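Visitor: I am new to this structure and would like a close look at a single part of it, taken slowly.
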Amino acid sequence: MKQLLSFIRKEFYHVFRDRKTLLMLFGLPIAQIVLFGFALSTEVKNAKLAVIDYSKDADTKEIVDKVAASDYFDIAINLSSEKELEDVFKRGEIKAALVFPENFSGDLKHLNSAHIQVITDASDINTANTISNYLTSIISDYQLDLMKNSSVPYQIIPDQRMLYNPQLKGEYTFIPGMMAMIMMLVCVMMTAIAIVKEKEMGTMEILLVSPFKPLMVIVSKFIPYLVIALVNVTSILVLSWVFLGLGVRGSIFLLYAESLLFILTSLALGLLISIISDSQQTAMFGSLMATMLPTLLLSGFMFPVENMPVALQVVSNVVPSRWFYIIVKSIMIKGLGIADLWKETLILVGMTVFLLLLSIKKFKIRLS
């Protein structure tokens, strides 16, 4: 028993001496509880809402006030006609819209029933379904309030309309998210591991002292993964079109150009990780931490960014896949062009330039 206790004590010493192990044992569970318990949620809060009120009577005002008083919605804009709706939906300024027809109160009082149009952006089906359920529930509450003060059975009927994805197909969210994740994994992880492997084998030094310039060595490492990533893009698009019926509503050339930009961003990130890593294991771990987790948790693919705490929203701004996910979804599902996506494109260009400059600087330091 004494020997066993000695061995157990020794193992505890080993664990507590290694800071990396301590971080994994205690830091990871705490981080997961904080992230999944408090920060990441599929619940929709403060969703931007537009209102078109052709009736402008007491009932419509009370319903709008009831919606605005909830924690789920912010009345972002009051529009005068449905023609303006498409533009604000395309620009991503709102998640949903309420449209009251003319003579809403008159229909309710004389016909005992009236219609409200509930329009949601179904390019994100989870958010669209949640928003639609919230609005329907608030409208039902108002209907019950009316019936409490009257013996007449009033009925308010929400006419639901899902923009961009009326059939509520899950692949409309799944395909753009998977494109971002696959390209990040292929370009970042494979590039980082390939370069670190050369360093471990000692062949990188031979290449660097050869007549080839270091830049040419790095570019030659990039090219195969760039081609493989473009083949992956083509495969995903063809498979999603043939088997899932999901085509590209916007420009296919713009989609490829944006994909090429995102691949360059990922390759630059992979280069940076390879420069600061000393082993393939470190490069693989760093690549997973820098690609898979941020893409799953902070890109908006699984959890709406708008619902996250402000600190996490700020962090999500430096995740390249967040901006590529928005770009792919906008081109494939909404059919938007570069005029609507210039901001996301410029952010990716800025990230690529920054990562490349930082990588080149650190590469020179390591060489010296």
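Visitor: What is the relative accessible area of Asn 112, and is Asn 112 buried, exposed or partly exposed?

Guide: This is a predicted model, in which local features need a pLDDT of at least 70 and side-chain atom pairs count only at pLDDT 80 or more, while totals for chains, interfaces and linings use all residues. Residues are numbered from 1 along each chain as its sequence is written, and side-chain values use heavy atoms, with hydrogens and water left out.

Asn 112 has a relative accessible area of 27% and is partly exposed, a term that covers values between buried (under 20% relative accessible area) and exposed (over 50%), computed with a 1.4 Å probe on protein chains only. Asn 112 sits in the loop that runs between H5 and strand S4 (113-121), where helices are DSSP runs of H or I with at least four residues, strands are runs of E with at least two, and the numbering starts from the N terminus. Most residues other than glycine have a negative phi.

Asn 103 is not a glycine either, yet its phi is positive, at about 60°. Asn 103 is likewise partly exposed, with a relative accessible area of 47%.
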